[in-house]
Amino acid sequence: MRFSLHDGPGLRTTVFLKGCPLRCPWCHNPESQSYQSEAMYASDRCISCLACCSVCESGALHWDHGPERDPARCTLCGACSEACPAEARKLVGKQIPVRELIKEIRRDIAFFDESGGGVTFSGGEPLAQPQFLEAALAVCKSEGIHTVVDTCGYAPSAVIRRIMPYVDEFLFDLKLADDARHRQVVGVSNALILENLGIIAREHAAVAVRIPVIPGINDDEDNLEQSFRLLGELGLSNVDLLPYHASAMEKYRRLSLAYRLTDVKSPAAARMQEIAARFACRGFQIRIGG
Ligand code: SF4
Ligand code: SF4
C-alpha cells in the first residue's frame, strides 16, 4: 500500500506479509491471517458476465444465481481474477523474492525523502516470516530507507533481536495485559509478547505501543490501569489509542469468514478523549489513532 499516513512517520509504503499466529476477533486485515493466497469475491460488484466461469480450467466455478467457487477444486491460479472485468474477484497474496519487493519500494524513495517517510512492514504478522523480513529490512537499511515494523510481538525473542539492528521504529500492539483474558480473547498467552516488549523497551530507542480500544473487550478500568502500569514500569511513554471500528466486516464476507463482533459499537469520541486525558496526565504521550 502506497502513501499510507498511519503506519509511522511521513508517507509510507506498507508491505503486508501474509500469515498471523493470532486470531483477534477485531482484526482489520482478515485477508492477511492465512499464510496462503486466498480468493475474495464481492457479489455486489458482480455484473453476471460469466467470464470467470469460462476461464476456470479446474472446474472450480459454476453458475448458481451467481458464480459459485468450489474451494476443494480451486488451485488459486488467479485466472478468474484476471478475467473479471468488474474487479469482483481478487486473489490476495503472492510469493515474491526480496529483490522484487525492494524494486517496488525503491519507486517511492522520492516520496520518502520529501515527507520523512519510509517503508513499514505489517501484516498479518511480519515476524512470522523472519528470514524474508530480515533480508528486506537489511537492504532497506543499507539504502538509507527508514524502516518501521508493526507487530503483535508474538514471535521468538531471537527473531526480535535479529531484526532489531535494521528497525528504526517499532509499532507494538498491546491488546490485553491480563494473561488469562488474553488467552480467552486472542487464543494465546501474552507472556512471550510482554517479554518481547520488555526486550525492545530496554534495547531499542523508538517504540510506539498501540492499544486497540474495543468496548466490552479491553476498555474496562482494570485492563487500562494494568496496561499503563506495565508500560510505565517498562519506561515506555508513546501510546497510540486505536478506536475500534467495524469497517473490515465486508472483507470477512468477501472471504466467507464469520465476523465475531457484530454487536460491538465503536467507542464514542468523548470516551476516547477521556481515556487519553487520564493517561496523558500521568506523563504518557497519547495519540488517538495511529
Ligand atoms: S483461482 Fe483459478 S482455479 Fe480457482 S476459481 Fe479462479 S480460475 Fe478457478
Ligand atoms: S467475471 Fe466477475 S463480473 Fe463476471 S461473473 Fe465472474 S465475478 Fe461476476
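The centres of domain 1 and domain 2, taken over C-alpha atoms, lie 33 Å apart. The model in which this separation is found is a predicted one. In the domain assignment, domain 1 is made of two segments, 12-34 and 96-288, while domain 2 covers residues 38-92.

The boundary between the two domains may be considered next. Across it, 9 residues of domain 1 are in contact with 9 residues of domain 2. Together the two domains bury about 750 Å² between them, and 53% of that area is on carbon and sulfur atoms. Charged side chains also take part, for 3 salt bridges are counted between domain 1 and domain 2. By class, the side of domain 1 that touches domain 2 has 6 charged residues, 2 nonpolar residues and 1 polar residue.

Individual salt bridges can be examined in turn. Arginine 254 and aspartate 44 meet through their side chains in a salt bridge, with an N to O distance of 3.7 Å. Another salt bridge joins glutamate 38 to lysine 18, and here the closest N and O atoms are 2.7 Å apart. This second pair links distant parts of the chain, 20 residues apart: glutamate 38 belongs to strand β2 (residues 38-41), whereas lysine 18 is in the loop between β1 (12-17) and β2. In the whole structure, a search finds 23 salt bridges.

The model also includes ligands, each with its own shell of residues. Around ligand 1 are found Cys56, Ser58, Ala60, Leu61, Arg69, Cys74, Thr75, Leu76, Cys77, Gly78, Ala79 and Cys80. This shell divides into 8 nonpolar residues, 3 polar residues and 1 charged residue. Ligand 2 is surrounded by 15 residues, of which the closest are Cys46, Cys49, Leu50, Cys52 and Cys84. The shell around ligand 2 comprises 13 nonpolar residues, 1 polar residue and 1 charged residue.

Serine 48 is located in the loop between β2 and α1 (51-55). Its phi is near 55°, a positive value in a residue other than glycine. Elsewhere, the peptide bond that runs from glycine 123 to glycine 124 is cis, with omega near 15°. Of these two glycines, glycine 124 lies in the loop between β6 (118-123) and α5 (130-142).

Key. Residues are numbered from 1 along each chain as its sequence is written. Chains are lettered from A and ligands numbered from 1 in the order in which they are written. This is a predicted model: local features need pLDDT of at least 70, side-chain atom pairs count only at pLDDT 80 or more; totals for chains, interfaces and linings use all residues. Side-chain values use heavy atoms; hydrogens and water are left out. Domain bounds come from an automatic or database domain assignment. Contact means heavy atoms within 4.5 Å. Buried area is the accessible area (1.4 Å probe) that two parts lose on being put together, summed over both. A salt bridge is a side-chain nitrogen of Lys or Arg within 4 Å of a carboxyl oxygen of Asp or Glu. Ala, Val, Leu, Ile, Met, Phe, Trp, Tyr, Cys and Pro count as nonpolar, Asp, Glu, Lys and Arg as charged, and the others, Gly among them, as polar. A residue is near a molecule or strand if one of its heavy atoms lies within 4 Å of it. Helices (H or I, at least four residues) and strands (E, at least two) are DSSP runs, numbered from the N terminus.
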